[in-house]
Amino acid sequence: MRFVDIIEKKKNKKELTDDEIQFWIDGVVDGSIPDYQTSALLMAIVLNSMTDHETAKLADAMKNSGHVMDLSDIEGIKADKHSTGGVGDKTSLALGPIISACGLKLAKMSGRGLGHTGGTLDKLESIEGFNVFLKEEDFKKQVREIGFAIMGQTGELVPADKKLYALRDVTATVDSIPLIASSIMSKKLASGSDTILLDVKYGEGAFMHTIDDAKKLARAMINIGKKLGKDTRAMITDMNQPLGNTIGNALEVREAIETVRGEGPKDFTELVLTAGEIMLMQGKIAKDKNEARKMLNDAINSGKAFDQLKKMVAYQGGNVDQIENPTLLPKAKFITEMKSKNEGYIENIHSMNLGILSMKLGGGRERKEDDINYAVGLEMKVKKGDKVKKGDPLCLVYHDKKLDNEWIESFYHTFTYSKEKTKPIAIVEEILQ
C-alpha cells in the first residue's frame, strides 16, 4: 500500500477503506509516514470531508493506537462526560458529586486549559494537595469505592491524536468536523466508559461559533459512539455569556461547591441538573427525566452530594477544609469592583473577551508552559437582559497586580447595551441522541 495513493484518493473525494485508515494511523504512530504526507492528507480531509463510516473508523484506529482503559471489573454502568470547552465551565466539579450520590459511577479523564477556556485539572489543582496524576489502579479503586474520580489523561492514551493534533495546529487543518469529532471521541472511547454525554457549546466563547456547527459536531460524535457500541448523547448549550458567575480556578471551585450545596447560579445549576438527568437515564438509574430530577435534587438537599465531593477531594489528597470552608481557597491580593459607565439593558457579554482578560490576570495559559495563578479571575454581577444604571457593579476583579489602562478599556468593551430587554436564551438549546 502506497500512502501517496491514499492522499490521491481523498483528493479526488473518494472514500477511504478501513485498511487504508488503519495503515495511516499505524504509520503516524511508528513514524513510517512522514509529516508532510500526513499534512497533505489532513488538508484533503478538510477540503473534501469524510463519511460517517470513515470518521468512526478514524476514531477507532486512533483509540487503539495506545492504551485503552478497561473498566469492566468495576460493577455497574460507568459514565463519562465531555465538554467542548467554554468560559466559566466548571460543570464536572459539580456534576460528578451529584450523580455519584445518586448511584451512578463517573470515571472521567480531563485536560488542562489553554487560551480563553479553563481546564478542569487546573481548577482542581487550586485545591491544596489535590492529585490529578492517579495511577490507573488507584483511579479504578476510587471509582469502585466512592463512584467518582477525575484524573489527567495518561501519556499512553491515544498517541495518534497527539501527533495529528500537533500537525493540525500548524497546518491550518484544525477546522474540520470529522477531524474534531474523531479526536474528541478517540479519547473518550479509550477512557473505557459505557456511556458518554457530550456538552457541545456554541457562541462567541465556544469552539463552535454557530448552533448549526455545534449540532453538526454533536451528530458526528454521536454517530461515532453508536457505531462503536457506546450510548452517546449530546446537549447543545449556549456560550454567548459566561457559564455561572465566575471565571478563574479557585473562584470556579467555590461556585461548584455552592452548586453542590444547592446555592449555585440559576443557569449553571440548570445545566448541571439537565446533564444529570440524561446521565442517570443513560446509566439506567432513572427511568425518565422527572424521576432523575427528583433524585438529583434529593442528593443536593440531603447533603449526600456535598459528602461525595469531600470524599473525592480526600481520596485524591486534597485539603477537605477548603471544601467545607471555601474562604480558605487561594485568595488574590486585590479585589476591584468594575462599575457600569452606561445605563440600559445588557444586550451582549462577550465571553471570549472575559476569558482572555482572566488569562491576562494570570488565570490561564497563553502557552502550555505558562504557570497559573489559581487565585485570580472575575466574578460577574450581571447577565444578559439585566437592567443596569451608571455606577452599578458589573464585575469583581480578583488580581495580584495593578490593572493597567489597556486591560480596563478591554473590559468595558465586553458589554453592549440596549434600550429594550433582549429575550432570554435557554442554557440548554437541544438534546440530541
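## Secondary structure and model

The protein chain holds 17 helices and 13 strands. These are DSSP runs, numbered from the N terminus: helices are H or I of at least four residues, strands are E of at least two.

This is a predicted model, in which local features need pLDDT of at least 70, side-chain atom pairs count only at pLDDT 80 or more, and totals for chains, interfaces and linings use all residues. Residues are numbered from 1 along each chain as its sequence is written, and side-chain values use heavy atoms, with hydrogens and water left out.

## Overall dimensions

The radius of gyration of the protein chain is 22 Å, which agrees with the value near 22 Å for a compact globule of 433 residues. It is taken over C-alpha atoms, and the globule rule is 2.2 Å times the number of residues to the power 0.38. Along its principal axes, the C-alpha trace spans about 70 × 45 × 40 Å.

## Burial and contacts

Of the 433 residues, 57% are buried (under 20% relative accessible area; exposed is over 50%, partly exposed in between; 1.4 Å probe, protein chains only). Contacts (heavy atoms within 4.5 Å) are counted between residues at least 6 apart in sequence; 78% of them join residues at least 24 apart.

## Domains

An automatic or database domain assignment sets the bounds. Domain 1 covers 3–48, domain 2 covers 78–324 and domain 3 covers 331–418. The C-alpha centres of domain 1 and domain 3 are 44 Å apart.

## Residue I356

I356 sits in helix α16, residues 351–363. I356 counts as partly exposed because its relative accessibility is 28%. Its C-alpha atom is 38 Å from that of I21, 335 residues away along the chain.
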